[in-house]
Amino acid sequence: MNQILLVEDDKRIQEVIKNYFTDQAGAELDLTIAGDGNKALELLFENAYDLVLLDVMLPGVDGFEICKEIRRNQEIPIIFLTARGREEDLLYGYDIGCDDYIVKP
């Protein structure tokens, strides 16, 4: 079973992503949701994940800091899923170790 950590504070977006993965992967996927950066870091140190979907703008620790922390200790694939679409943000995301950077509509 694939373990995915979704780090997203917007409840509506959490639901959309959860529904999408449930429809696509069903029982083959375990999606864990963290609504803030501090909870995400806690979960990352307690569990093993196959993928992290990460927002940048979060309560507590922001997504860029979480990405840097993950890269200090692990090689989990990281995909930023964020409203921050400036080129500087995208380049910074790649510089600190993300695998992909997707801008929310």
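A salt bridge is a side-chain nitrogen of Lys or Arg within 4 Å of a carboxyl oxygen of Asp or Glu. Keep that rule in mind as you look around this structure, which is a predicted model.

## Charged pairs

Side chains of opposite charge can pair when their charged atoms come close. In this model, the rule gives a count of 10 salt bridges.

| Pair | N to O distance |
|---|---|
| K104 and E8 | 2.7 Å |
| R71 and D99 | 3.0 Å |
| D89 and R86 | 3.4 Å |

Let's start with K104 and E8, whose closest N and O atoms are 2.7 Å apart. This pair links distant parts of the chain: K104 sits in the segment after β5 (100–103), while E8 belongs to the loop between β1 (2–7) and α1 (11–25), and 96 residues separate the two. Are these two partners buried or exposed? K104 has a relative accessible area of 16%, and E8 has a relative accessibility of 2%. Buried means under 20% relative accessible area, so K104 counts as buried, and E8 is buried as well.

Next, find R71 and D99, joined by a salt bridge at 3.0 Å. R71 is part of helix α3 (residues 63–73) and D99 lies in the loop between α4 (87–95) and β5, so their pairing ties together parts that are 28 residues apart in sequence. D99 is partly exposed, with 47% relative accessibility.

Now move to D89, which forms a salt bridge with R86. D89 is buried, and its relative accessible area is 4%.

Helix α2 covers residues 37–46, and its buried residues are G37, A40, L41, L43 and L44. Where do these residues sit around the axis? They cover an arc of only 165°, which means that they lie on the same side of α2. On the other side of the helix, F45 and E46 are exposed.

What do the buried residues of α2 pack against? Their neighbours are β1, β2 (29–34), β3 (51–54) and α3.

Finally, look at the N-terminal end of α2, which is capped by D36. A side-chain oxygen of D36 lies 3.0 Å from the backbone nitrogen of N38.

Definitions and conventions. Residues are numbered from 1 along each chain as its sequence is written. This is a predicted model: local features need pLDDT of at least 70, side-chain atom pairs count only at pLDDT 80 or more; totals for chains, interfaces and linings use all residues. Side-chain values use heavy atoms; hydrogens and water are left out. Helices (H or I, at least four residues) and strands (E, at least two) are DSSP runs, numbered from the N terminus. Buried means under 20% relative accessible area, exposed over 50%, partly exposed in between (1.4 Å probe, protein chains only). The arc is that of the directions from the helix axis to the C-beta atoms. Contact means heavy atoms within 4.5 Å. A polar contact is a pair of N or O atoms within 3.5 Å; within protein, one must be able to donate a hydrogen and the other to accept it, and residues adjacent in sequence count only if both atoms are side-chain atoms.
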